[in-house]
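Please look through the sequence and the structure shown here before reading on. The report below takes up one residue and then turns to the way the chains are arranged.

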There are 2 protein chains.
Amino acid sequence: MNPTKVVITGGAGFLGRRLARTLLERGTLADAAGRQQPIERITLVDVVAPSGFDDPRIDTVVGDIADAALLARAVDASTTSIFHLAAIVSGMAEADFELGMRVNVDASRTLLDLCRAGGRMPRFVFASSVAVYGGELPAVVGDNLAVVPQTSYGTEKAIVELLVNDYSRRGFVDGRVLRLPTICVRPGRPNAAASSFASGIVREPLNGEAANCPVEAATRLWLLSPANAIACLIALHDADAAALGANRIVNGPGLSVSVSEMIAALERIAGTDVVARITYDRDPRIARLVDTWPGELAATRADALGLPRDDSFDAILRSYIAEEIEPSPRS
Amino acid sequence: MNPTKVVITGGAGFLGRRLARTLLERGTLADAAGRQQPIERITLVDVVAPSGFDDPRIDTVVGDIADAALLARAVDASTTSIFHLAAIVSGMAEADFELGMRVNVDASRTLLDLCRAGGRMPRFVFASSVAVYGGELPAVVGDNLAVVPQTSYGTEKAIVELLVNDYSRRGFVDGRVLRLPTICVRPGRPNAAASSFASGIVREPLNGEAANCPVEAATRLWLLSPANAIACLIALHDADAAALGANRIVNGPGLSVSVSEMIAALERIAGTDVVARITYDRDPRIARLVDTWPGELAATRADALGLPRDDSFDAILRSYIAEEIEPSPRS
């Protein structure tokens, strides 16, 4: 038996905590040879301490991820799996160029170099983003389209994708890159991601609050539910390296939904009073970023690898309401 | 009048010296507004002092390009044009991973950050390579194909391409990226580039020396003559930014020629005795690298921008013989 030792960067964030909870419940992950092994330890790395955990397998390392000494406390030669989720979000990376480069590029490279120094080729799952795409896009983006990011965030993600591929080719890590769709519905509060509104226009009205839609109603988004985002990250971690081959980058499976279709679904499920809380003041700064992202992807590699898909936006909404509105929220 | 102040990194190398000579003869380059202006100064940056220059417009900065203080001596707010040619070549970057990252990525970023600090948005021409392509390639590679480099050199070039695009988008530089084909025929001696043989199998036999072909004779190469490589770099420098748009990356125009076609041309032009000096011992290390590169590209953007093309490999050979064999070699 080779118990797995897992590191999750961004471990206090929404996806990081949810991933940790799912892994604790699941209890196992694939080892280097692809065999499911018990999870011995999950180290959560973030700028703040993650809340809501009471499990002896959870360990925390709190501080600036761009600090190499901090990362070295979390990752060593015994680390078998890394989920690298920590990032400066798109809106903030656009506003503070140096911060974005430092966290999104330099910290990622430090993390990869710790794996290289460890010499044990851990499975390394990197959460990239469909924001790597930009420029003139076809209606449906295929897996082999060149990336021309139109944000610094997308550029930084694309750079780390290249590093993960090369570090994998050289045997420093066993890398896997998931280009995440826009996650919807995120619980909690708005953040500085340009895509924050995609959850806000659902979440805030359901909570009895106003929300603004800053983009055109016809804007198409490529969406993935939180539950399936986590399921995709774990499935990609456990996928056979041979099925990935030389290119470790996978476009995340999603649903192509327009903002007006999202609002129509919300009205069907939650009623007219709820959607009446949405205002429509276009924000050119946000609209410009969002308009550079693809509204639909083919995601043929994701399907071939068996990554799960959501059935419909109605199903996404119903899951959100069941998980976050009807029970008392966790953490 | 706004005289241009030019910096050429790798200025002591074959392409760098030839570019400098061509610019001195030409005497002008486009300024920020696209108007041809006299060249006041050309600063050549390299690890060794460039030989063969006797022109008051030439300035030299000698040292390690990965040293930020050295680069800061070459580039300041008065710099109007940069040709960034310096690189660790493919074979060496594969053998020494840290050296390749330090020079090919970190030094490039330092150079871009000096432009950002200068605040004057110089035209920035980056010599990338078709080695950014790799993996399963179609017979003819189009301008919009995703890059999946299979060498660290290609990875490093692809990372800097992304940086040049983002630094251009943010207004830090007016960037232009030329993905250079394999340059053939290079004069001088073999180097550690995996593509070095492409010139060696022509140059050494013409000099009465033996040369080995380390790849299959059917291997197709995407070739560009030295004269047209320089002409393409200058044409791309002078191109209208509006014609480039958000994507500053241009696949270099070339000729798709198989190794056996190259040798047949050499036999036609130089005779059977010359080609008899070629041996055919396959080198798996070189063949593996070369086989990941595209043998033919569509290069539609290069054509639209009017970048020059070579007519035939026979014409390339005749130019090489006229320039390098028949006169006494320069420098």
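Why does A:Leu180 count as buried?

## A residue in a strand

In this predicted model, A:Leu180 has 22 C-beta neighbours inside 10 Å, and because a residue with 20 or more such neighbours is called buried, A:Leu180 is placed in that class. The residue belongs to strand β7 of chain A, which covers residues 174-180.

Setting aside residues up to four places away in sequence, A:Leu180 touches A:Ala127, A:Ser128, A:Ser129, A:Leu224, A:Ala229 and A:Gly252. A:Val250 is 70 residues away from A:Leu180 in sequence, while the C-alpha atoms of A:Leu180 and A:Val250 are 9.0 Å apart in space.

## How the two copies are related

The same surface serves both copies, since 100% of the contact residues of chain B recur in chain A.

## The side of chain B that touches chain A

In the contact between the chains, 20 residues of chain B meet 20 residues of chain A. Helix α5 of chain B, residues 152-169, supplies the largest share of the side of chain B that touches chain A, with eight residues. Sorted by class, this side of chain B consists of 10 nonpolar, seven polar and three charged residues.

How values were computed. Residues numbered from 1 in each chain as written. Chains lettered and ligands numbered in written order. Predicted model: local features only at pLDDT ≥ 70, side-chain atom pairs only at ≥ 80, totals over all residues. Helix = DSSP H or I, 4+ residues; strand = E, 2+ residues; numbered from the N terminus. Buried ≥ 20, exposed ≤ 12 C-beta atoms within 10 Å, placed from the backbone. Contact = placed C-beta atoms within 7 Å. Nonpolar A, V, L, I, M, F, W, Y, C, P; charged D, E, K, R; others polar.
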